[in-house]
Amino acid sequence: MNKNSEKPPVFAFWRRFHAVAGVIVTPFLLVAALTGFFYALAPTLEQAVYHDEMTAASHAPARPLAEQVRAAQEVHPDLELSEVEVSDDPAATTRVLFADATLPNSSYSRAVFIDPGDASVRGDLVQYGSARALPLRTWLSEGHRSLWLGSAGRWYSELAASWMGALAIVGTYLWCARKKCGTSRRQKVLTWHSRVGIVLLPGLLFLTVTGLTWSGVAGGNIGTLREHLDWMPPQPTTQVDTISADPARQVDTVARVAREQGLTGLINLTPPTADNGAWIAAEARESYKPHMNAVTIDAASGTVIDRVDFADWPLPAKLSEWLVNAHMGFLFGIWNQLALAAVAAGLGGITVAGVWMWFQRKGKQTRRPLPADWRLWAPLAAYSVIAPLFGASLLLFLGVEALI
């Protein structure tokens with residue numbers, strides 16, 4: 001007796017679920033695959049497009065950071081200094097960031113690129129987020145996340161992410177439980193569709209988990225859960241007695257102390273604010289860099305106030321950081337980006353193949369009423385709690401089934 005005849009109602013239910021729901025969410029999956037392909041390669045594209053801004057041309061020994069910050073302040077004398085990004089790579093420019101109320105929100109900054117050798121201005125661009133995205137990568141990111149439609153557009157990516165993992169798991173079950181494929185053209189496409197889907201399964205599940213973490217509805221629920229369970233990265237103490245009115249004068253002291261404390265690679269130096277009296281020096285996200293240590297410094301005395309090492313983070317916070325870096329194509333550099341691009345291309349391929357097979361069906365198949373077995377509906381209901389948009393769109397699946 002074959003596996004399909006052992007539990008025909010269960011197999012038939014999941015086959016209909018995979019086919020009908022897959023066709024319904026096809027537009028969302030295809031858009032996510034297309035935009036995700038280019039987003040995956042965005043870090044490398046960014047380096048090519050903004051090579052002049054990101055690369056020092058003088059090849060001279062670095063001048064004091066205070067001088068570099070002064071040069072940037074001459075470009076935007078009316079804006080407040082918000083951060084200095086300095087690398088230990090002599091070929092990299094220093095980024096001096098300014099808060100600008102005319103930009104969409106506080107995640108955006110004006111970034112002035114300074115050649116550390118002669119303090120000349122190499123560029124002036126808008127930068128977004130902690131991943132230091134420049135205009136091209138920001139544009140590609142917005143397209144992948146919201147189709148350039150703002151907050152309302154984020155529903156598309158959340159819907160695609162929530163269904164992608166579910167369809168991948170169900171498809172894997174169908175492949176393991178089905179009869180051996182025949183030799184017809186449709187059966188050959190089915191074999192290709194199934195095998196590629198199984199190969200992509202780890203990547204699709206990874207993108208589902210990380211995508212939902214960033215989403216609007218499910219991401220908010222996950223963020224609240226992390227806060228309740230104390231899974232957030234610890235923050236160093238920033239309180240000091242005095243605050244300097246001129247942060248540029250202190251930036252060299254802060255950078256020196258940060259390096260002495262063992263911070264390596266690219267570090268972000270954040271000056272004091274009304275709420276945070278100390279400088280914050282933190283290692284930034286970089287490829288092949290699994291840790292992000294941070295210290296707070298009293299620049300007036302050059303002493304370290306507090307230190308938080310990545311080793312002290314809760315394990316869930318570490319995993320979240322690594323997964324986010326991998327989703328953005330940072331964790332393993334170009335290889336990370338190529339793997340993500342391959343998953344995106346594969347997702348587009350199996351989605352198109354699935355739709356083609358749907359329209360190639362011959363004759364009418366015997367359709368039974370949807371089974372009332374709670375063991376089938378319980379996992380869908382539980383997943384709907386985590387991903388509410390999945391649950392809402394599941395009603396559409398039931399509506400289409402009723403019409404059919």
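Visitor: Do α7 and α8 lie roughly parallel or roughly perpendicular to each other?

Guide: This is a predicted model, where local features need pLDDT of at least 70, side-chain atom pairs count only at pLDDT 80 or more, and totals for chains, interfaces and linings use all residues. Residues are numbered from 1 along each chain as its sequence is written, and side-chain values use heavy atoms, leaving out hydrogens and water. The axes (lines fitted to C-alpha atoms over the stretch in contact, with angles from 0 to 180 degrees between N-to-C directions) of helices α7 (135-146) and α8 (154-177) come within 6 Å and cross at roughly 65°. Angles under 35 degrees count as roughly parallel, over 145 as roughly antiparallel, 65 to 115 as roughly perpendicular and the rest as oblique, so α7 and α8 are roughly perpendicular.

Visitor: Which residues in α8 meet α7?

Guide: Helices here are DSSP runs (H or I, at least four residues), numbered from the N terminus. With contact meaning heavy atoms within 4.5 Å, Gly-143, His-144, Arg-145 and Ser-146 in α7 meet Arg-154, Tyr-156 and Ser-157.

Visitor: What is the relative accessible area of Gly-399?

Guide: Gly-399 lies in helix α15 (388-403). Buried means under 20%, exposed over 50%, and partly exposed in between (1.4 Å probe, protein chains only). Gly-399 is partly exposed because its relative accessible area is 31%.

Conventions:
Helix = DSSP H or I, 4+ residues; strand = E, 2+ residues; numbered from the N terminus.
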